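Here are my notes on this structure, as numbered points. Please read them with the model open beside you.

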Amino acid sequence: MSPVKNMKVRNFHQAKWDEPIIFELGSKGERGILLPEIENEIEAVIGDGFSKIPKHMIREQVPCLPEISQMQVLKHYLRLSQETLGADLNVDIGQGTCTMKYSPKINEIFAISPKITELHPSQPICTVQGILEIFYKTDLFLREISGLDQFTLQPASGSQAILTMSSIIKAFHDYNGENTQRDEIITTIFSHPSDAAAPAVQGYKIIDIYPNQEGLPDLEALKEAISDRTAGLLITNPEDTGIYNPYIKEFTKMIHEAGGLCGYDQANANGVLGIARAKEADFDMCFFNLHKTFSSPHGCGGPSAGALGVKKELIKFLPVPLVRYNGSEYLFDYNVSHTIGKVRSYYGVVPAVLKAYSWIMSLGREGLEEVSRIAVLNNNYLLKKVLEINGTSAPYAKGHHRIEQVRYSWNKLTEETGITTEDITNRMVDFGFHMWSSHHPFIVPQPFTLEPTESYSKAEIDEYIAGLAKVAEEAHSNPEIVKNAPHRSVVHKLITDSLDDPDKWAITWRSYLKKWKNDRI
Amino acid sequence: MIIIMKKVGLIINPIAGMGGRVGLKGTDGGEILEQARLLGAIPESQNRTLITIQKLLPIQEKIELITYPEEMGENIAKKCGFQPTIIGSISKGKTTREDTQKAAKDLLDLKIDLLLFAGGDGTARDIYDAIEDELVTLGIPTGVKIQSAVFARNPARAGELALSFLQKRTIRVREAEVMDIDEDSFRKGIVRAKLYGYLTIPYERAHVQSSKAGSPETENFAHQAIAEEIIENMETNYFYIVGPGTTTRAIMDKLQLANTLLGIDLIYDKKLIANDLNESKLTHYIQGKKAKLIITPIGGQGYILGRGNQQLSPDIIKKIGKDNIIVIATRNKINSLNGQPLLVDSGDKEVDELLCGYIGIITGYREKSIYRVTR
Amino acid sequence: MNTKKSFIHPYIPNSVPEIKEKMMQEIGINDIEELYTDIPDFLRFKGSMDLPDPLLSEYDLKRHVNGILSKNTTCQESISFLGGGCWQHYVPAICDEINQRSEFLTAYAGEPYEDHGRFHALFEYASMMGELLEMDVVNVPTYDWGQAASTAIQMATRITDRTEILVSDTISPDRLLIIQNYCSPLLKMKTMKTDYETGKIDLGDLEDSISNKTAGVYFENPSYLGCIEDQGSKISSITHENDALCIVGTDPLSLGVLTPPSNYGADIVCGDIQGLGMHMQYGGGHAGFIATHDEEKIVMEYPSRLFGIIPTVVKGEYGFGDVTYDRTSFSKREKGKEFIGTAAALWGITAGVYLALLGPQGMQELGKLILQKSQYAMKRLSTIDGINILFNQTSHFKEFVVDFNKTPKKVSEINELLVKKKIFGGKDLSKEFPNLRESALFCVTEVHKKEDIDKLILGLEEILN
């Protein structure tokens with residue numbers, strides 16, 4: 001039955017603490033932490049500090065925050081952490097597109113060193129030479145990995161890096177006096193949705209290309225999309241299907257001929273480090289997600305970082321400041337002639353940059369190449385095994401190998417059993433797995449996207465496959481158990497109606513008390 | 001929780017699906033039916049409907065199931081374990097489309113919350129004729145021809161959708177196409193679909209996490225966004241031929257012009273020239289003039305020409321030219337094609353080939369998709 | 001490099017040759033290279049990345065990285081009076097304990113089942129912020145204050161269907177750059193003058209500048225220059241008379257003692273939560289919040305994730321999910337569409353821990369301490385010859401501008417000399433606010449002991465005399 005012989009799923013049960021909402025904890029007067037006492041000398045001179053504040057600006061009532069002793073706060077949050085399934089605990093290959101790889105603990109040790117946490121961003125540069133060196137060298141490393149000429153580490157995420165690319169495209173055409181006429185950004189439907197959404201913020205008209213039968217955007221489609229209004233192309237390669245677009249250089253060529261710029265979203269770079277670069281495909285810009293490919297942890301949804309590189313000609317548009325080295329000292333360069341300004345405060349998400357630096361240093365050239373080779377090996381092994389499970393398919397590119405991930409479909413299983421991707425997602429939890437449910441747009445019906453990265457062992461990959469096989473088998477033999485899942489997670493099936501009912505949605509506890517109190521009797 | 005009894009209507013077209021098994025294409029018309037019965041067709045509708053209403057058993061205490069006698073619903077409802085309210089009367093074994101229509105009207109009078117009907121495209125047409133968009137309805141696919149978007153993907157799915165709709169406080173509905181094929185020509189092997197109208201059906205948004213890029217948009221939102229994009233870019237001295245459908249209707253609504261939902265309208269300079277034009281009248285108006293055509297694919301099928309808009313003859317398409325054809329569609333509509341290309345079937349090979357390849361589809365305000373078109 | 005033998009990297013389990021072999025066999029290939037055949041040769045990188053030799057042992061790596069980091073001098077090793085957008089506050093040990101938990105640190109986008117705890121913690125964060133701000137809707141954090149302000153502004157333009165924004169001219173210049181980049185070219189930003197006698201908004205200029213094109217009025221309280229804007233009610237009523245929205249950027253740490261903006265008419269409140277339990281991290285600890293009242297029309301314009309509390313099939317069990325309103329009505333201002341993505345959730349969880357630890361008393365005591373200590377510093381500084389405190393008649397919170405124009409030295413020179421005394425002086429404003437010439441923005445918080453402030457005074461006296 002199972003494509004992986006002798007591999008069993010776990011008799012898993014997640015921690016369930018039935019934890020109250022924090023406002024239900026503690027009692028009046030309890031304290032979680034005490035603050036320093038004000039020195040007598042200061043109080044003697046200043047008084048209580050309120051006398052200078054206009055009466056109406058003094059808060060009348062203290063905020064209705066919970067009052068809880070320290071250990072009880074700790075316990076509450078530790079329990080909540082146990083009710084969260086982090087990548088450190090599960091075989092996190094079900095969150096394709098997100099490269100849930102191992103985030104080495106040594107890098108966390110660096111990130112909590114006071115030598116980094118206690119630095120203020122406006123300190124004199126002679127006191128921050130260490131962190132500037134990290135910035136400068138990370139830039140140099142990324143230049144090698146991409147072939148481009150200068151990086152900024154300022155964007156705080158992939159989406160913000162895309163926004164920065166869009167800003168640079170705008171600045172470039174402004175510089176050439178062409179901005180009014182060039183107002184269209186071309187992207188593809190299998191690129192990250194932010195490749196369309198971020199430039200739209202800045203008023204760009206978005207043209208997206210649907211894939212052909214092979215799952216690739218084709219040149220004919222690009223021709224239809226290109227015009228004298230084309231400002232630029234923002235594209236992922238490989239796209240979220242894991243198929244490498246072999247025509248990518250023709251894409252960049254056609255965009256360049258039409259007068260546009262090409263931005264490479266390298267969200268899916270994990271399979272091509274040292275194998276294929278932005279430069280060889282003639283991209284003008286590219287960015288890496290330091291929290292994906294370069295191992296910085298995802299932190300429940302950030303903080304993250306998007307390192308953006310450009311060709312020489314575009315350096316003049318980068319956000320300020322850039323980090324330079326004058327032979328003896330690292331320094332900030334605000335002298336960027338046509339800078340777009342800033343996208344994030346100060347210099348970016350510093351701990352993420354530090355972790356990426358350390359990760360690259362721990363692997364070197366050979367190590368990075370091995371990361372990609374093994375990520376691709378793992379993915380194709382997984383592909384082979386997943387397709388042995390009844391009800392699965394991998395749309396497009398039949399018989400081809402994929403790079404680092406695959407967008408699969410449960411459509412056949414759904415047609416046969418009525419069990420959907422969402423149901424399977426919920427059932428996988430019962431075996432200690434996570435399978436992501438958001439794959440917009442849904443052009444692959446009943447989608448699931450797996451990306452095994454280089455971090456998981458063969459045994460772990462086999463275990464995940466056994467989980468998929470088990471649930472697929474249950475879809476036939478015991479569909480109700482799948483439909484009503486999860487059974488062994490933190491909570492039971494959610495009743496979600498109220499989430500889109502303005503009279504019932506409750507985004508804060510105070511709102512919940514107002515809207516639901518009567519219902520809770 | 002306060003329990004409000006919801007009323008659910010059920011109509012089964014008992015003969016739907018009978019033709020399929022015996023190789024006939026649909027059972028509309030008494031003669032064909034007789035032929036089907038002679039060939040030994042067994043009613044499929046009952047068993048398939050059972051699958052659907054079984055899904056409602058968990059809430060049977062909270063719903064009143066109202067249906068017509070015998071094979072039009074009573075039998076299967078009771079078999080399933082419901083205690084249905086029976087209205088109307090039929091002559092057993094000899095029901096006709098009039099019975100379907102009568103039942104729908106009776107249920108409309110009872111102000112039911114949801115009408116489930118089992119049948120095919122012909123049945124959907126009958127329901128539409130009887131109630132138009134006055135009720136929320138949902139088709140259980142039991143017929144041979146299922147071209148209309150008012151049917152759930154399969155009977156089980158129909159049951160799940162109905163269950164979820166009846167349990168929800170928030171009502172989500174959308175308009176879906178009622179399509180049917182000209183029966184005579186269909187049996188001769190010629191497919192000629194017609195858009196009859198729209199029924200209001202429930203739909204369910206999968207309650208998974210927010211999408212990566214933002215909040216979901218309703219069809220209505222998308223329609224307005226598309227209309228805005230079209231109107232903002234309208235050129236003077238062009239006639240605009242507005243094809244049928246709810247997507248194109250939004251443009252007319254936004255311009256506050258009278259609109260023919262199923263027909264071809266013509267505007268110039270954002271003013272109405274004529275409604276519901278046939279081929280010859282349309283030709284007359286645009287003869288020697290510059291014209292642009294706004295069309296939308298049929299939901300779930302992807303036909304942009306040759307289904308529901310036969311007034312747009314090959315000659316007219318040639319006159320207008322590919323560059324002046326503006327295709328509009330919501331993303332939901334495109335994504336529901338599951339990657340299948342858009343289709344053209346104008347009846348003229350040359351015209352079809354002209355339109356094949358890649359075409360831009362306006363999908364929203366300042367949004368366009370490049371999509372494949374084939375014959 | 002060439003002399004080194006091949007290695008099995010501890011981060012890459014399947015590098016083991018036997019495993020590799022097995023997996024290749026399963027796929028039906030002899031060489032991993034075959035998996036790359038879809039990448040055309042001309043797109044393959046033929047060179048070799050010029051990267052340093054790897055530090056394969058964790059020990060060597062630690063030596064190396066710590067070696068670089070040791071070149072930094074921290075705000076623990078010196079006394080810092082720097083603020084202006086990033087602030088040194090005490091971080092309770094539990095904040096660090098929680099945000100270093102493997103589960104929170106390495107989770108990402110799990111479902112509200114297996115990641116219940118993540119949803120729960122972020123819902124509580126929003127709820128506690130809601131109490132502090134006295135508002136019913138708070139988002140899952142975005143990147144930073146600059147992004148929060150940009151989005152708040154965009155929201156205002158969508159809600160009002162207008163495109164002009166009035167922004168106070170004492171906003172942080174860096175923040176203004178972020179907003180400008182995000183909002184241009186679709187929005188028109190106009191500055192609203194500050195009365196440089198008081199450091200507060202010039203109401204006359206506001207009345208002159210506002211019109212029926214104005215979508216919103218954005219100001220910060222306390223301002224970037226540290227002044228408490230006490231005309232909030234007047235500003236919001238002028239704004240509302242023109243059917244525009246009042247957007248206020250605020251420091252949540254001030255709200256234990258100061259009136260929350262919702263009480264003087266703010267429609268949208270935004271700001272940064274770095275001070276609520278995040279170390280400065282050289283500017284890496286930022287996260288932005290946006291808060292509003294619970295009106296459908298406003299909530300629908302949030303691009304951010306909003307987590308809602310919901311029931312489950314088990315009675316009494318709390319569950320959570322994304323509030324996922326459908327966007328139903330299109331207006332032309334849809335130009336101002338936005339995106340969401342990975343932002344700063346971990347800092348949101350941490351800020352929740354911080355607020356739970358401090359509680360109502362703690363937040364009030366913290367505010368009071370900051371008021372007292374900053375007032376003490378201002379008082380002591382103003383006794384130094386040639387030094388003035390700007391906007392001295394206006395009340396301040398945490399930050400204030402020190403005017404060195406009547407001293408013989410430039411701010412940059414003074415700061416250089418202070419560094420030698422292990423003091424980071426105030427942020428030089430001479431470039432950001434040329435009209436203030438040689439002035440600096442000083443920040444005093446609960447971390448400053450009297451002796452630290454006295455040391456600053458002594459140092460300045462030595463430098464200036």
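1. Strands β2(C) and β10(C) run antiparallel and are joined by two bridges. Helices (H or I, at least four residues) and strands (E, at least two) are DSSP runs, numbered from the N terminus. Strands count as paired if DSSP finds at least two bridges between them. In this pair, C:Val138 stands opposite C:Ala291 of β10(C).

2. A word on the basis. This is a predicted model, in which local features need pLDDT of at least 70 and side-chain atom pairs count only at pLDDT 80 or more, while totals for chains, interfaces and linings use all residues. Residues are numbered from 1 along each chain as its sequence is written, with chains lettered from A and ligands numbered from 1 in the order in which they are written.

3. On its other pairing, β10(C) meets β9(C) in the antiparallel sense, over five bridges. C:Ile268 stands opposite C:Thr292 there. How many residues of β10(C) are buried? Five of the five are, so the strand is largely enclosed by the rest of the structure. Buried means that 20 or more other C-beta atoms lie within 10 Å of the residue's own; exposed means 12 or fewer, and partly exposed lies in between, with C-beta atoms placed from the backbone.

4. Both faces of β10(C) are covered. C:Gly288, C:Ile290 and C:Thr292 are buried on one side. C:Phe289 and C:Ala291 are buried on the other. In a regular strand the side chains alternate between the two faces of the sheet.

5. Now the whole sheet in chain C. It is open, has seven strands and mixed pairing, and runs in the order β2-β10-β9-β8-β7-β3-β4. β2 (137-138) and β4 (188-192) of chain C stand at the edges with a single partner strand each, so one side of each has no neighbour in the sheet. At the β4(C) end, strand β3 (residues 164-168) of chain C pairs with β4(C) in the parallel sense over five bridges. C:Leu166 stands opposite C:Lys190 in that pair.

6. Two helices to check against the sheet. Helix α5 (residues 116-133) of chain C packs on it, touching β2, β9 (268-272) and β10 (288-292) of chain C. The direction of α5(C) makes about 65 degrees with that of β10(C). Helix α9 (residues 232-241) of chain C also packs on the sheet, touching β7 (214-220) and β8 (245-250) of chain C, and its direction makes about 145 degrees with that of β8(C). Axes here are lines fitted to C-alpha atoms, for helices over the stretch in contact, and angles run from 0 to 180 degrees between N-to-C directions.

7. α5(C) is mostly covered, with 18 of its 18 residues buried. Its end C-alpha atoms are 25 Å apart, which agrees with the 26 Å that 18 residues should span at 1.5 Å a residue. The expected span is 1.5 Å times one less than the number of residues. C:Glu134 follows α5(C) and has a positive phi, near 55 degrees.

8. Chain B has 14 helices and 16 strands. Of its 375 residues, 49% are buried. Its helix α5 (residues 97-109) has 13 residues and reaches 19 Å from first C-alpha to last, close to the 18 Å expected.

9. Which residues of α5(B) are buried? They are B:Asp99, B:Thr100, B:Ala103, B:Ala104 and B:Leu107. These residues cover an arc of only 135 degrees around the axis, which puts them on the same side of α5(B). The arc is taken from the directions from the helix axis to the C-beta atoms. B:Glu98 and B:Asp109, on the other side, are exposed. B:Lys111 follows α5(B), with a positive phi near 50 degrees.

10. β4(B) is mostly covered too: six of its six residues are buried. B:Leu114, B:Leu116 and B:Ala118 point one way, and B:Leu115, B:Phe117 and B:Gly119 the other. β1(B) runs parallel to β4(B), joined by five bridges, and B:Gly9 has B:Leu115 as its bridge partner. β4(B) also pairs with strand β5 (residues 137-141) of chain B, in the parallel sense over five bridges. There, B:Ala118 is partnered by B:Ile140.

Methods: Contact = placed C-beta atoms within 7 Å.
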